[in-house]
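Hello,

Here is the structure we talked about. My notes on it follow below.

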2 protein chains.
Amino acid sequence: MGNSFSGESSAVQSVDRALQILEILAQEGEVGVTDIAATLNIHKSTASRLLAALLSRNLVEQLSDRGKYRLGIGLVRLAGTVSSNLDSVSGSREITRALADQYGETVNIAVLNENRVLYVDQVAGSHIMTMRSWLGQIVPVHCTATGKVLVAWLPEKTRKSVLPNKFEKLASRTITSITQFEKELATVRERGYAIADEEMEDGFTAVAAPIRNSHQEVIAAIVISGPTNRMTKLGLASVGKNLAKNAQLLSGNPTSWQE
Amino acid sequence: MGNSFSGESSAVQSVDRALQILEILAQEGEVGVTDIAATLNIHKSTASRLLAALLSRNLVEQLSDRGKYRLGIGLVRLAGTVSSNLDSVSGSREITRALADQYGETVNIAVLNENRVLYVDQVAGSHIMTMRSWLGQIVPVHCTATGKVLVAWLPEKTRKSVLPNKFEKLASRTITSITQFEKELATVRERGYAIADEEMEDGFTAVAAPIRNSHQEVIAAIVISGPTNRMTKLGLASVGKNLAKNAQLLSGNPTSWQE
DNA sequence: CATAATGTTGCGTCATGGGCAACAGTTTTT
DNA sequence: AAAAACTGTTGCCCATGACGCAACATTATG
């Protein structure tokens with residue numbers, strides 16, 4: 001009875017199926033009724049009705065009459081509330097804005113979500129070049145400063161289950177050995193911040209620090225990123241220390257990110 | 001049998017209820033099971049189970065064990081896909097980034113959603129002050145440049161149903177007379193772009209232009225905004241004309257925003 | 001032009017969603 | 001401090017809504 005897509009759930013079946021459809025659309029972009037039905041192993045009339053429910057609330061939209069479906073703008077509105085809620089609880093925007101102002105580079109907050117890094121808030125830096133939108137994007141753990149921070153303090157067993165089996169080489173300096181990655185994490189724990197220097201993308205460098213909950217567990221990461229030449233000029237160690245200090249201010253706030 | 005919250009739907013009832021819960025959380029922030037049940041006129045065990053389904057997919061999160069619920073970060077990830085999809089189809093980011101670079105102010109794209117303006121994409125300007133996050137936010141139609149653009153070309157009947165009964169005065173220069181607002185829309189149609197000069201917020205000015213579909217219907221608006229003194233220095237008419245021209249480049253692309 | 005494929009919808013069936021009751025824990029009131 | 005009230009959760013049973021089937025209209029393909 002369980003569906004193999006994105007894990008089984010004992011929740012309300014039709015609701016769970018509808019939410020699985022959203023995840024399929026997030027991964028595939030534009031998908032038809034028949035493909036969704038095949039993926040979820042349900043009848044196409046069931047898929048059509050579930051999509052109609054999502055359509056009526058603007059969570060999906062149809063490209064043309066009887067055409068393929070994609071995610072809809074209703075999600076943007078709901079997600080905007082998430083970011084506003086995060087700020088209103090933790091007051092993180094004040095700190096991320098101050099850091100973006102001080103360094104001129106983009107500042108993000110990210111969490112671990114399904115064993116990968118998800119960017120949940122962003123304040124853009126003043127520089128124009130590479131003014132990338134990270135919000136809502138997902139990146140790997142092994143080659144990002146945020147990923148290193150989010151896993152460095154995990155219990156070893158938990159960490160092993162989070163890390164991928166094979167470290168994909170995405171840039172010239174990607175760490176691909178698990179032994180070397182563990183050494184890197186030891187350095188992160190020692191320093192209190194992480195650096196990813198042309199590891200996810202050539203010419204791109206990031207520095208991240210941990211945001212902790214009241215049990216001292218790392219629940220989010222704050223990260224400054226930008227082109228390698230500019231980041232190097234800022235002084236990565238100096239930025240790291242300052243970031244760690246600011247992250248600590250955020251760590252003191254109650255009920256911030258999902259614990 | 002229909003529920004009065006956010007209109008009735010003939011869609012899959014349990015899915016529609018779950019999505020209504022998301023909308024309640026978007027509006028109220030943090031809400032308990034009992035309140036949700038009361039709002040939707042369902043049993044609290046039903047509400048609890050629907051929330052459990054949303055929880056299992058990270059679309060909501062619970063503040064503490066047995067505590068209130070709020071929207072979850074799974075929405076941020078899904079919404080990130082919406083923005084990426086919009087860009088990959090319309091290529092809007094190239095144009096919005098170029099405009100942000102040229103003027104140094106924040107550029108957004110917005111659509112009409114439930115008779116209000118919803119910001120669906122944003123590129124921040126290079127200035128630090130008022131680096132506000134519009135993405136996912138909802139603002140009124142009557143006192144925003146984007147709102148004026150989104151309704152100016154609507155058939156009169158449609159426009160009347162979109163506009164609020166009473167124009168709330170939100171800033172020193174808010175237009176509160178419907179007669180004057182219609183005159184303003186005539187100016188917008190003549191110029192091809194709209195200006196909101198300290199109408200939604202004192203000290204804040206925006207210029208917007210229409211993005212059209214293949215039937216020449218206005219389906220989105222592109223807007224530049226910033227502090228009134230800086231925007232005035234840029235020359236509002238000049239910015240407006242340039243914006244209209246750039247918006248036209250976007251209007252040519254197929255299957256952009258929801259039609 | 002014929003065939004195949006897709007998405008939609010009416011209908012009947014039954015598997016599931018939902019209400020009830022009971023419970024555990026927390027908060028409020030006395 | 002104790003009692004009462006409230007909240008959120010869960011086992012259970014059954015009424016109903018979700019679902020699959022068949023048929024249809026439309027579009028795409030050979």
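Which exposed residues does the face of helix 2 of chain A turned away from its buried side carry? They are Thr34(A) and Ala38(A). Exposed means over 50% relative accessible area, buried under 20%, and partly exposed in between, with a 1.4 Å probe and protein chains only. Helices (H or I, at least four residues) and strands (E, at least two) are DSSP runs, numbered from the N terminus.

Before the rest, some housekeeping. This is a predicted model, in which local features need pLDDT of at least 70 and side-chain atom pairs count only at pLDDT 80 or more, while totals for chains, interfaces and linings use all residues. Residues are numbered from 1 along each chain as its sequence is written, chains are lettered from A and ligands numbered from 1 in the order in which they are written, and side-chain values use heavy atoms, leaving out hydrogens and water.

Chain A overall

Chain A has 10 helices and eight strands. Of its 259 residues, 56% count as buried. Taking contacts (heavy atoms within 4.5 Å) in chain A between residues at least 6 apart in sequence, 56% join residues at least 24 apart.

Helix 2 of chain A

This helix spans residues 33-40, and its buried residues are Ile36(A), Ala37(A) and Leu40(A). They lie on the same side of helix 2 of chain A because they cover an arc of only 100° around the axis, the arc being that of the directions from the helix axis to the C-beta atoms. An α-helix has 3.6 residues a turn, so residues three or four places apart point the same way. The cover over the buried residues of helix 2 of chain A includes helix 1 (13-28) and helix 3 (44-56) of chain A. After helix 2 of chain A comes Asn41(A), with a positive phi near 60°.

DNA strand C

DNA strand C is surrounded by 22 residues, with Gln13(A), Thr34(A), Ser48(A), Arg17(B) and Thr46(B) the closest. A residue is near a strand if one of its heavy atoms lies within 4 Å of it. Of the atoms of DNA strand C within 4 Å of the protein, 60% are sugar and phosphate. Helix 3 of chain A gives the most to this surface, with four residues.

- Ser48(A): 2.8 Å
- Gln13(B): 3.5 Å

The surface near DNA strand C divides into four nonpolar, 12 polar and six charged residues. Here Ala, Val, Leu, Ile, Met, Phe, Trp, Tyr, Cys and Pro count as nonpolar, Asp, Glu, Lys and Arg as charged, and the others, Gly among them, as polar.

DNA strand D

Around DNA strand D there are 23 residues, the closest being Arg17(A), Thr46(A), Gln13(B), Thr34(B) and Ser48(B). Sugar or phosphate makes up 59% of the atoms of DNA strand D within 4 Å of the protein, and bases the rest. A side-chain N or O atom of Arg17(A) is 2.7 Å from a phosphate oxygen of DNA strand D. Base oxygens of DNA strand D are approached by Arg49(A), at 2.9 Å from a side-chain N or O atom, and by Arg49(B), at 3.2 Å from a polar side-chain atom.

Cysteines

There are zero disulfides over all chains, a disulfide being a pair of cysteine sulfur atoms within 2.5 Å. Cys143(A) is buried, at 1% relative accessible area, and Cys143(B) is buried, also at 1%.

Regards

Notes:
Polar contact = N/O pair within 3.5 Å; in protein donor to acceptor, adjacent residues only side chain to side chain.
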